[in-house]
Amino acid sequence: MKVLSRDLSWLRFNARVLQEAQSPAVPLLERLKFLAIFSSNLDEFFKVRVATLRRLAKLKKKTRARLSERPKRVLKEVLAEVARQQEEFGATFREQLLPELNAHHIHLISEAELTDAQREWTARYFRENVRDLLSPVALDETLHHLFLKDQAVYLTFFLSQPRERKAKAEAERVLVMELPTKRHGGRFVRLPDEGEERFVLFLDDVIRVGAAELFPAYERVDVNAIKLSRDAELDIEEEVSGDLMEKIRSSLAKRTTGFPARLLYDPRMPAEALRAIKQKTGITDEELVEGSRYHNFRDFFGFPDFGETSFQYPEWPALAHPTLPRTGSLLDAIGQRDHLLHPPYQSFDYVTRLLREAATDPRVSSISITLYRVASKSAVVKALLKAAKHGKQVTAVVELKARFDEESNLFWADKLKRAGAHVVFTPPELKCHSKLLLIARREADETTRRYAYFSTGNFNESTAGLYTDHGLFTADERLTQESAAVFGYLLDQSTVPQLEYLLVAPFGLRPGLSTLIDYEIKQAKKGRDASIILKVNAIEDEGMIAKLYEASKAGVRIELIVRGIGRLLPGLPECSANIQQRGLVDRFLEHSRVYVFGHGGEEKVYVSSADWMTRNLDRRVEVAFPIFDDGLRAEVRHLLDLQRRDNVKARDFDNKYIEAAEGEKPLRAQEATYAWLKGLKRRMAKQ
């Protein structure tokens with residue numbers, strides 16, 4: 001079966017991010033942020049995917065032979081593509097963005113470009129604001145091992161040419177120090193303006209200016225940057241399972257915790273300094289990657305904006321919801337009808353408001369919730385703590401294996417436990433990625449009614465301002481009853497619930513989707529109209545790809561909107577002639593998943609937390625929920641159709657922008673979505 005490498009597909013996605021940094025239509029500082037996103041994405045890619053490929057490549061030959069891809073070959077292809085993208089990244093920064101900043105009288109200058117007056121100002125700034133933050137460590141015989149933090153930028157100091165030969169100063173010394181970005185309050189320093197010209201300096205260069213003062217005993221001080229990415233120790237279960245899993249566990253039993261995946265270094269670093277770093281850290285040439293003078297471009301999220309609104313996207317304030325009340329009871333409103341929420345276009349505050357209301361409502365008896373990623377200062381968890389304080393039975397299913405958020409989740413889990421909440425952790429072989437909230441309330445007639453919120457996005461008010469998601473508020477018993485059954489499964493996996501409406505992984509999502517695809521295949525074979533529209537972040541699972549190929553060959557029309565990984569190869573005459581694919585990258589991160597099946601003219605629309613990846617279908621708890629309400633189903637379809645018609649930010653499978661046809665007006669889906677939702681309440685009032 002023909003499929004694209006997962007890792008090369010992901011790199012295609014990051015190339016689309018880089019395209020946004022290159023686009024003149026994107027505001028200038030937003031383009032810098034896309035460079036920051038590209039850089040941050042690549043860091044995670046090395047921590048997770050490259051590190052995993054390297055571990056798999058070290059397995060015994062017989063074990064490697066059972067993998068679907070050859071890790072050594074894939075690793076070679078991946079590193080070649082990364083090198084190409086890195087070169088393009090550097091050219092974009094140097095040849096496009098820096099000149100454009102200069103044209104707008106903004107100059108990101110280096111230490112070598114400082115005028116005498118600027119150097120004097122910088123030296124004074126170093127003494128007053130930076131020097132006390134520094135604590136270099138000498139790499140000498142007294143230091144047995146140097147541990148470098150993951151993703152932190154370090155500066156190395158190579159000292160040579162002692163000023164006093166008779167002094168005890170060594171002829172050469174190497175020291176290393178973490179760049180104090182957080183303690184300083186940012187990576188950039190604004191120098192005094194000169195007329196309309198504005199100047200910015202990296203904190204690194206401020207330290208370079210002060211280095212001579214820091215080490216007065218040496219004539220020469222070379223300052224260079226390094227950054228280490230450590231193996232994120234991706235659970236290998238994410239990649240393979242079964243008896244092969246046991247073989248791999250055995251093969252990797254002695255692996256080093258957090259083993260280095262990549263050390264970026266300044267190519268101008270003296271060989272003596274690099275040799276000392278390698279010796280004290282144990283890093284080998286295999287992990288060395290030639291970088292540039294500056295690392296951690298994600299720090300460009302904090303680049304000064306100079307108050308220039310034209311350099312940024314126009315504000316899109318979060319919209320009020322057309323059917324949920326701004327004041328008054330949300331529970332009562334949900335009890336009357338279903339409501340769809342679309343963050344970040346609409347305010348996520350409705351979710352936290354619902355939790356705060358439930359926390360103090362004397363008739364609410366229990367609150368159950370799944371927590372995959374929460375904000376560092378989580379209003380969601382604070383509402384749950386308040387509920388526990390008011391005597392509610394709070395059950396929180398907390399995922400401790402949410403990559404890179406383990407520490408935060410553990411912190412809040414401990415808080416909830418201390419407050420008396422029932423905190424549940426999923427077993428090691430199972431992740432809970434679904435986003436569910438269930439509230440039980442005693443009604444006036446003494447019956448208990450359940451209220452639910454199903455979502456594609458996390459209970460995280462921070463990311464809710466950046467990720468596009470769909471959430472359903474409902475009291476429909478068909479859904480709330482099955483939501484309660486899912487929570488029962490999360491508490492005890494020994495019994496698999498029998499569900500009619502929700503498609504739930506790991507036991508029901510794959511067979512449910514296969515059944516829906518089979519129905520479309522039967523329709524097509526009977527000569528009837530058959531169609532599938534999928535909007536996901538990733539299509540990786542070979543079983544589902546094979547099913548879509550089968551549907552295409554049967555004549556089913558298939559449209560894919562894939563943000564990230566897409567291993568399926570569309571448009572191949574032998575297997576995917578009826579499949580089209582596009583992707584969308586814009587100011588918000590596309591995060592919602594929507595599955596639409598023609599179903600003989602009676603469309604079935606599911607919204608889900610799950611991508612079509614093996615891990616999501618087989619080793620995670622995921623939920624796909626149907627939209628029953630005709631009006632809300634039409635709402636989801638309309639928003640999906642905007643993305644299908646996008647001819648500004650959409651790309652085809654080959655990363656080429658999809659342009660407007662002759663006579664067709666430009667349509668940018670995210671912009672059109674905001675405008676459409678802004679006028680939704682007015683249109684509903686006229687109906």
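Here are a few questions and answers on this predicted model.

Q: What makes Glu197 a contact of histidine 107?
A: Contact means heavy atoms within 4.5 Å, and Glu197 is listed as touching histidine 107, along with Asn102, Arg198, Phe199 and Val200. Residues up to four places away in sequence aren't counted there. Histidine 107 itself sits in strand E1, residues 106-109.

Q: How do you know that strands E11 and E12 pair?
A: Pairing takes at least two bridges, and E11 (residues 364-371) and E12 (residues 393-398) have six, running in the parallel sense, so they count as paired. One example is isoleucine 367, whose bridge partner in E12 is valine 394.

Q: Why are E10 and E13 called edge strands?
A: The open sheet has seven strands, ordered E10-E18-E16-E15-E11-E12-E13, with mixed pairing. E10 (339-341) and E13 (422-425) each pair on one side only. From one strand to the next, the twist averages 15°.

Q: What makes the largest cavity count among the five?
A: The count takes cavities of 30 Å³ or more, and the largest has a volume of about 140 Å³. Its lining has 14 residues, with His470, Glu590, Ser592, Leu639 and Gln643 nearest the centre.

Q: Which helix gives the most to that lining?
A: Helix H18 (residues 630-645), with four residues. By class, the lining has five nonpolar, six polar and three charged residues.

Key:
Residues are numbered from 1 along each chain as its sequence is written. This is a predicted model: local features need pLDDT of at least 70, side-chain atom pairs count only at pLDDT 80 or more; totals for chains, interfaces and linings use all residues. Side-chain values use heavy atoms; hydrogens and water are left out. Helices (H or I, at least four residues) and strands (E, at least two) are DSSP runs, numbered from the N terminus. Axes are lines fitted to C-alpha atoms, for helices over the stretch in contact, and angles run from 0 to 180 degrees between N-to-C directions. On a 1 Å grid over the protein atoms alone, a cavity is a set of points where a 1.4 Å probe fits but cannot get out, and a pocket is an open set with protein on both sides within 12 Å along at least five of seven lines; lining residues have an atom within 4 Å of a point. Grid points are joined across faces, edges and corners, and a volume is the space filled by probe spheres set on the points. Ala, Val, Leu, Ile, Met, Phe, Trp, Tyr, Cys and Pro count as nonpolar, Asp, Glu, Lys and Arg as charged, and the others, Gly among them, as polar.
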